[in-house]
Structure formats: C-alpha cells, structure tokens
Amino acid sequence: MGDTKRLPKKRYERELLRLQAELVKLQEWVRVEKARVVVVFEGRDAAGKGSTIKRVTEYLNPRVARIAALPAPTERQRTQWYFQRYVEHLPAAGEIVLFDRSWYNRAGVERVMGFCTNQEYARFLHQCPIFERLLVEDGVLLRKYWFSVSDSEQENRFRSRLEDPMRRWKLSPMDLESITRWEDYSRAKDEMFVHTDIPEAPWHVVESEDKRSARINMIAHLLSGIPYHQVQRLPLELPPRPPSKGYQRPPRDMQTQVPDHAAKLRK
C-alpha cells in the first residue's frame, strides 16, 4: 500500500484548508460557466469515502454542490432501467453532484451478495461504459475515485466503530459480512475495472490507509483535473442601516423561548 506513515495533523489541516479554498473557487467557476460536474466515490466499506466527501463539501454552497447517497431501490425502481434512478440525480448547469456510492453498486455489493442475476450483471458491464461515454460526450465532467484499504485496516476501523456509540450507526450487518467476503469483493472490483476503466472516464485509485493523506490526495487530484479559474465576483458592501421608524419588538414573554441550556455551562 506504499508509505502509510500518518500525515502530521497541523500540515494536514493547513493543506486541507488551502485545498478547500480552491474548491470554493471551483464551485464559483462551475456556477458561472454553467458546468456540470459528477464525482463518483466508490471503494471498500470503511475506506474513508464519507469523511472525504464531508471535507469536500464543508465550505461549499449546498445549492451548487450536493451529495447523492441513494437508499436501496423501491419495488417500482427495481422494474426500471437500472441507470434510471441515478439519472434523476445528475447535475444541471452550474451544479456539482457527489455520488456517495453510485450505479457501481451493481458491480459490487449486488454482484457479491447475489442481489442481481448474472444476466443483469453482464448487462451492467456492457451498458456502463456506454452510459458514461454519453455523459462525457454531453459535456459532463465525470470523475471516478476508488478508495482502497487493506483488510487489516478495514477490520480496525470496523472495530473502532463497534466500540464507539457515536459512530455505531455507520456499521451494518452488510459491512460485517464484507469481512468474510473480502476476496469475493476483490474479484468483483477487478472485473469491474476491466470493463469500466475507460479512457473517457478512467478510475483513479486513492490509497486510504491514512485517511488524512487520502483526503488531501483526492481533493488535489480533483482540482488538478478540472480547468477552473478564479472568476470575478461582484463587489459587495454593507449598506448603512436606516434610521428607526418606530418599530417595537413584542415582549419576549409573549413567545415560546428555547430554554437557556447554555446558562448551566456558564456557571
């Protein structure tokens, strides 16, 4: 997995903030130039996809950059063309969509866990490159990232979640089963890459033994691959506050106030 020495926290935070400032510039460029950006996050369970997405979007406008994390398909959606429910979430002009898992569910968990037929799986491998080429031909900036983590590090992160009540919700029975099906998921990922690592939309592997390095590397790569630039913003100034016209606020005791819980902490 390469050098897994952890990136020092201060250097990480300094560089992360610089990159996040660049993401804000990218966002403004996307908005002004009416660009459409799709970023696909895939990889092993507990590989750090969610935490990276959180850092990407931390300072972005949710009206411009949104996260698509789709639940399991409904009975009706299961009868649709497989890509149909993902198409609904694609960006319009001036938008960025980050897919926290995507149409590649079919090549991963659905394949390994037997949630799709062999025919459905084969059809996906055939149609996926066509679907992505259509997106790119239409001008969508499509970027795909695979977060890679070792089996031992994945198990450590699962154990950490299991013991932390604040993060216990992140762990599902499906996640735990991925431990016993490690090789099955590895084979599925390798076959997926063979069919979908195409020149128009290549896969980019993010080594994520060290989550700090993974976040920095992914964001830096995303920024380097999009030809954005600083856009001119309209100058803004706070207007002078006009003189009062005699408005008086109603007495506070006429409204239901939130109890001052913080007062207990100030004592």
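I call a residue buried when its relative accessible area is under 20%. I keep that cut-off beside me for these notes, and I remind myself that this is a predicted model.

**Entry 1: helix α2**

I began with helix α2, which runs over residues 49-57. Which of its residues are buried? I noted Lys49, Ser51, Thr52, Ile53, Val56 and Thr57. Next I looked up what covers them, and the cover includes helices α1 and α10. Strands are part of that cover too, among them β1, β2 (65-68), β3 (95-100) and β4 (141-148).

**Entry 2: a residue on α1**

I moved on to Gln20, which sits in helix α1. Is Gln20 buried or exposed? Its relative accessibility is 5%, so I put Gln20 down as buried, since the cut-off is under 20%. I then asked which residues Gln20 touches once those up to four places away in sequence are set aside. My list reads Arg55, Glu58 and Tyr59.

**Entry 3: the cavity**

How many cavities of 30 Å³ or more does the structure hold? I found one, and the largest cavity has a volume of about 40 Å³. The elements giving two or more residues to its lining are α1 (9-33) and β1 (36-43). I wrote out the lining residues as well: Leu23, Leu26, Val37, Val39, Val56, Leu60, Ile96 and Leu222. Sorting them gave me eight nonpolar residues, with no polar and no charged ones. Val56 was already in my notes as a buried residue of α2, and here Val56 turns up in the cavity lining.

**Entry 4: helix α7**

Helix α7 covers residues 151-163, 13 residues in total. From first C-alpha to last, α7 reaches 19 Å, which is close to the 18 Å expected at 1.5 Å a residue. Its buried residues are Gln154, Arg157, Phe158 and Arg161. Where do they lie around the axis? They cover an arc of only 100°, so they are on the same side of α7. I also checked what they pack against, and the partners are α8 (173-180), α9 (182-196) and α10 (211-224).

**Entry 5: a loop glycine**

My last stop was Gly246, in the loop between α10 and α11 (262-266). Is Gly246 buried or exposed? I noted a relative accessible area of 54% for Gly246, so this glycine counts as exposed, the cut-off being over 50%. I also looked up the separation between the C-alpha atoms of Gly246 and Tyr228, which are 18 residues apart along the chain. I wrote down 50 Å.

Definitions and conventions
Residues are numbered from 1 along each chain as its sequence is written. This is a predicted model: local features need pLDDT of at least 70, side-chain atom pairs count only at pLDDT 80 or more; totals for chains, interfaces and linings use all residues. Side-chain values use heavy atoms; hydrogens and water are left out. On a 1 Å grid over the protein atoms alone, a cavity is a set of points where a 1.4 Å probe fits but cannot get out, and a pocket is an open set with protein on both sides within 12 Å along at least five of seven lines; lining residues have an atom within 4 Å of a point. Grid points are joined across faces, edges and corners, and a volume is the space filled by probe spheres set on the points. Helices (H or I, at least four residues) and strands (E, at least two) are DSSP runs, numbered from the N terminus. Ala, Val, Leu, Ile, Met, Phe, Trp, Tyr, Cys and Pro count as nonpolar, Asp, Glu, Lys and Arg as charged, and the others, Gly among them, as polar. The expected span of a helix is 1.5 Å times one less than its number of residues. Buried means under 20% relative accessible area, exposed over 50%, partly exposed in between (1.4 Å probe, protein chains only). The arc is that of the directions from the helix axis to the C-beta atoms. Contact means heavy atoms within 4.5 Å.
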